[in-house]
Amino acid sequence: MTDRAGANGRPAALAAESIRPPHPTIALLRSASLSSAAHHEIERMILEGEIKAGAKLTEAWLSERLGVSRGPIREAFRMLEQAGLVRQEKNRGVFVREIPLEEALEIFDLRAAMDELVGRRLAESITPEQMKVVRAVVDKMDAAARAGDADSYHLLNLQFHDALVEYAGNRKLAGVYRKLVKELALYRRRNLRDEAALPHSAAEHRAILKAIASGNAEHAGGAMYDHVIESKQRALHGSAAKPPLRAKASRAQSSRKARG
């Protein structure tokens, strides 16, 4: 038996299928997919500086900009709040967080400890192909520093450190680390706008690669720790790059070992 044709010539069963609402699971997956896409795009806009710290985010503007309904935007706001990138204020709306200096300094301290562990692991495990990837990123950072391109440098800096923590192979550490880095990025965009700080920062990244390539876990861990503490010093004192106490101690320890 054949289905009776509808007004448009399609079988009635197919016509009914075309207007049947999606299964709840399918609807949920579609919504989750849209929310995730909206979350990643808004996060990108924040981290790349298209949306500035302190800016108010509106559902209407983002819905039109991203071409999705307001539901996924609201869910994206919730995910961004969990990630520490936005804050929701009752009766006022959603705002990109502004990280105060005191909080930034706390994050720097946590990052220093985590980066030291990353450096130690990589000195013992990084592969030639992985080293090639991060060295290419540092080459681009050097070029951005010479051009005074703070925006490009900032993104490359994030890419460099994200690659290192990925190569360290500890997923738990990577998850916590990335959350802290994203929060700190809201502060560091201001800190890296000073073009005078870029060449010094680029040189630190080159030194990190050299330390990791040496295969000396203590040296590599110290280099990454020192880099974060120097960044903390710049946050405190502007672009004046003052060597941290840890860096002096590390060099002194190296000298004693060389003599011994």
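Me: Is the crossing of α5 and α7 left-handed or right-handed?

Reply: Left-handed. That word is used when the near helix is turned anticlockwise from the far one by less than a right angle; clockwise would be right-handed. The model is predicted: local features need pLDDT of at least 70, side-chain atom pairs need 80 or more, and totals for chains, interfaces and linings use all residues. Residues are numbered from 1 along each chain as its sequence is written, and side-chain values use heavy atoms, without hydrogens and water.

Me: What makes α5 oblique to α7?

Reply: Helix α5 covers residues 101-125. Its angle to α7 is about 60 degrees, and the axes lie 9 Å apart. Therefore α5 is oblique to α7. The classes are: under 35 degrees roughly parallel, over 145 roughly antiparallel, 65 to 115 roughly perpendicular, and the rest oblique. Axes are lines fitted to C-alpha atoms over the stretch in contact, and angles run from 0 to 180 degrees between N-to-C directions.

Me: Which residues make that contact?

Reply: From α5 come R111, D115, V118, R121 and L122. From α7 come H161, L164, V165, Y167 and A168. Contact means heavy atoms within 4.5 Å. By class, there are six nonpolar, one polar and three charged residues. (Nonpolar: Ala, Val, Leu, Ile, Met, Phe, Trp, Tyr, Cys and Pro; charged: Asp, Glu, Lys and Arg; polar: the others, Gly among them.)

Me: Why are α3 and α4 called roughly perpendicular?

Reply: Helix α3 (residues 59-66) and helix α4 (residues 70-82) pack at about 115 degrees, with axes 9 Å apart. Therefore the two are roughly perpendicular to each other. The crossing of α3 and α4 is right-handed. E59, A60, L62, S63 and L66 of α3 meet R70, I73, R74 and F77 of α4. Five of these contact residues are nonpolar, one is polar and three are charged.

Me: What makes α9 and α10 roughly antiparallel?

Reply: Their angle is about 165 degrees, with axes 8 Å apart. α9 runs over residues 197-213 and α10 over 217-237. Therefore they are roughly antiparallel to each other. Their crossing is left-handed. The α9 side of the contact includes H200, E204 and I208; the α10 side includes A223, H227 and R234. By class, this contact has seven nonpolar, five polar and three charged residues.

Me: How many cavities of 30 Å³ or more does the search find?

Reply: One, across the whole structure. A cavity is a set of points on a 1 Å grid over the protein atoms alone where a 1.4 Å probe fits but cannot get out; a pocket is an open set with protein on both sides within 12 Å along at least five of seven lines; lining residues have an atom within 4 Å of a point. The largest cavity has a volume of about 70 Å³.

Me: What lines the largest cavity?

Reply: R111, H154, N157, L158, H161, Y177, V181, L184, A185 and R188. α7 (150-168) and α8 (171-191) are the elements giving two or more residues. α8 gives the most, with five. The lining has five nonpolar, three polar and two charged residues.

Me: How much space lies in the second largest pocket?

Reply: About 250 Å³. Its lining includes L47, E48, L155 and K182. α7 and α8 each supply at least two lining residues. The classes are six nonpolar, two polar and four charged.

Terms used
Grid points are joined across faces, edges and corners, and a volume is the space filled by probe spheres set on the points. Helices (H or I, at least four residues) and strands (E, at least two) are DSSP runs, numbered from the N terminus.
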